[in-house]
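Please look over the structure shown below before reading on. The report is meant for someone meeting it for the first time.

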Amino acid sequence: ATEGAKREAQAAFGDSSVLLEKYLSEPRHIEVQVLGDKYGNLIHLGERDCSIQRRHQKVIEESPSPVITEELRARIASSALTLAKAAGYQNAGTVEFIFQEGEYYFLEMNTRLQVEHPVTEEALDFDLVEAQIRIAAGEKLWVEQDDIQFVRHSIEARLYAEDPERGFLPSTGTITEIEAPHEVQDVRIDAGVGEGDTITPYYDPMIAKVIASGETRRDALNRLRDVLGGLVIKGVTTNLDFLRWLVAHPQFELGNVSTRFIEKYYRPGAFALAPVQVVLAGAALHALSPQAWQDEVAPEDIWRTNLWRQARQQIAARLLVDGHAYRAELSSLPGQPDRWAATVTQGDETLYGGEVYLRAPRPIGRRSSVVGGQPSFDDVPPAVQLRMAEDDALYSLECGPGQEDGDFFVVWEGREYWVRLAPALSTETLARTVRVGNEETLESPMPGKVLKVFVSPGDIVEDEQPMVIIEAMKMEFTVRAPHEGKVAAVCYNEGDQVAVGDVLVEMEK
């Protein structure tokens, strides 16, 4: 852990020093925006509360903080100005503090405009970007401290390309659609990417900032819920459903937050689940040969001939559907080629257990545009047809390949779900194992760079022993041994780039 911290510090700041700090059990992250010119004039622009974090990176920011009183604001802002003045600071900057039980402690100063500056702009009706340009051009500060007054409350949510179900691992892919509702007032969306742009592993995974404002905190929060509820983004896994869950949480509504909020309240599967039909269709899709998506091979030929059926009497797949992890098991019933015994579970909970009628997709370019009833056919992707044992309706779920290998989409009742094969191990292990005989291969859980390799062929390793460190999007992930064993081969060297599913290490039990 120490070596990892030193590497991150050296890479980010050119200084690998490690400090020992006082531990606070339920702290809030409070930061003060300051602005100074070259003539010695310095003001503050209130505080931001950035306590909702994961991996020590902010997810939600708001201004003003719901727990900072006028007296406390004066104290903490005075400390920020004293520090900035002592440094002779010019232009926009942020002095960050950690706060608990009425006491605050200095963290650092960010000598730049930060990601969350829009909440200050909206709360004060003050353009920080314009201000820093004018100051850099040599202008004297044109406002005084008494001119700075909160006129509304503002909350910002960061939309990330990441998977909350897998420990907030970054995700990659091409954005095929992004659209926000236009009818919600006092909402601002700052985005650096759009439709057709590709999210790569080389940069921070943030896609956009969604900022909602109102006369009160409740007004701002209701508007944020409205815009997040109507936001649509496709083509890449995001934290959108997680944000919807977060801003609906009663403790967040009350303002009872700390930097441990996500750790304390969030568990994978905390937001709405996908319909069982979608999970079953996803399991069927993953059972298909990749040839099924080629124009020259009709999917029926693969499902109904020995190419598929001999090898696929049983299907067991762990799937991620819109960020939720499921396990689906299908067993074909003797003498009934289209009937299967099916089980769908999420964690320890069984969501479905019974029979399903499952038919192959029609050929590519032919699918039903009607869910249930009499189908009409269009020149669009194929559909999986299924009927639950207790349901007389025959459902057609549109489907097709995603942007990356192993990804599919399933359309159910007008909504598009993204389905992918999930790792077999926990998020703590952060690697997928594929068993072949008495050997195993550890696969990369994400695209990135091999930062560190701890083992060599022939090494004997213990359960959970660190094997490889993968770096992507400013974060490090440790791939650990799934059991005691012997290293058969190491497939990549330090500095190599790897993709999701690339075999990192081969093992023998």
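The model is a predicted one. Two packed helices are described by the angle between their axes and the distance between the axes. For helix H5 (residues 217-230) and helix H6 (residues 240-248), the axes come within 10 Å and cross at roughly 155°. Since angles over 145 degrees count as roughly antiparallel, H5 and H6 are therefore roughly antiparallel to each other. The crossing in which H5 passes H6 is left-handed, and the residues that make the contact are set out in the table.

| Helix | Residues in the contact |
|---|---|
| H5 (217-230) | Leu-221, Leu-224, Arg-225, Leu-228, Gly-229 |
| H6 (240-248) | Leu-240, Leu-243, Arg-244, Val-247, Ala-248 |

Sorted by class, this contact of H5 with H6 holds seven nonpolar residues, one polar residue and two charged residues.

Turning to the strands, an open sheet is formed by four of them in the order S30-S29-S27-S32, with antiparallel pairing. At its edges lie strand S30 (475-480) and strand S32 (497-498), each of which pairs on one side only. Strand S29 (residues 466-472) runs antiparallel to S30 and is joined to S30 by six bridges; Val-468, for instance, has Val-479 in S30 as its bridge partner.

Finally, helix H1 (residues 2-13) has twelve residues, which at 1.5 Å a residue should span 16 Å, and this agrees with its end C-alpha atoms being 16 Å apart. Just after H1 comes Gly-14, which takes a positive phi of about 70°.

Note on methods:
Residues numbered from 1 in each chain as written. Predicted model: local features only at pLDDT ≥ 70, side-chain atom pairs only at ≥ 80, totals over all residues. Heavy atoms only, no water. Axes fitted to C-alpha atoms, helices over the stretch in contact; angles between N-to-C directions. Helix = DSSP H or I, 4+ residues; strand = E, 2+ residues; numbered from the N terminus. Parallel < 35°, antiparallel > 145°, perpendicular 65-115°, else oblique. Left-handed = near helix turned anticlockwise from the far one by under 90°. Contact = heavy atoms within 4.5 Å. Nonpolar A, V, L, I, M, F, W, Y, C, P; charged D, E, K, R; others polar. Pairing = 2+ DSSP bridges. Expected span 1.5 Å × (residues − 1).
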